[in-house]
Amino acid sequence: MLTHHRKVFLFRFDLSCNTSQPNNKQLSRFLCRIKTKICREHYSRRVAICWAREIHSAKTPHYHIAIALDGSRVNSSYRLTEWIERYWRNYGRYTAIRYYNLNRPDIDQLFQVVWHLSYLAKLRGKEVKLSNVRRFSTSLTKLY
């Protein structure tokens, strides 16, 4: 994202599911709705998403998600939080973790973000493997 934008807004949050999920279709529909809303509102020209699925002792999965947007258009998580809460409320719990306003030349802040996002790569909770179910994914989409 920093190759495309001088500033990047990165938002890290978690989603928990109310029921057991045999696949990630619920999350896929949710992310599609969020991307559509971002596009309609001209909130950002590009959206980058990274997510990881985990199941610990509970039977229901939870997702760790990071969304990166054009930081020249977005500098607060307020509207994004409204959309996430609205679209996820019937499926489970939403927890905002942290957001960053990154500037291209700020290497120290970039290292801090990489360290924070490395939590998504931890092994604990990802041992449960269902056939044909992804445990993580990334995407970079140009919306308009």
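Tutor: Two strands pair if DSSP finds at least two bridges between them, and strands (E, at least two residues) and helices (H or I, at least four residues) are DSSP runs numbered from the N terminus. This is a predicted model, in which local features need pLDDT of at least 70, side-chain atom pairs count only at pLDDT 80 or more, and totals for chains, interfaces and linings use all residues. Residues are numbered from 1 along each chain as its sequence is written, and side-chain values use heavy atoms, with hydrogens and water left out.

Student: What is the order of the strands in the open sheet?
Tutor: The five strands follow the order β4-β1-β3-β2-β5, with antiparallel pairing. β4 (92-103) and β5 (136-142) each have a single partner strand, so they stand at the edges and one side of each lacks a neighbour in the sheet.

Student: What makes β1 and β3 a pair?
Tutor: Nine bridges join β1 (residues 7-17) to β3 (residues 62-70), and the criterion asks for at least two bridges, so the antiparallel strands count as paired. Val8, for instance, has Asp70 in β3 as its bridge partner.

Student: Which strands does α3 touch when packing on the sheet?
Tutor: Helix α3 (residues 107-117) touches β1, β3 and β4, where contact means heavy atoms within 4.5 Å.

Student: Which residues of α1 meet α2?
Tutor: Among them are Phe30, Ile34 and Ile38 of α1, while the α2 side includes Leu80, Trp83 and Tyr87.

Conventions: Axes are lines fitted to C-alpha atoms, for helices over the stretch in contact, and angles run from 0 to 180 degrees between N-to-C directions.
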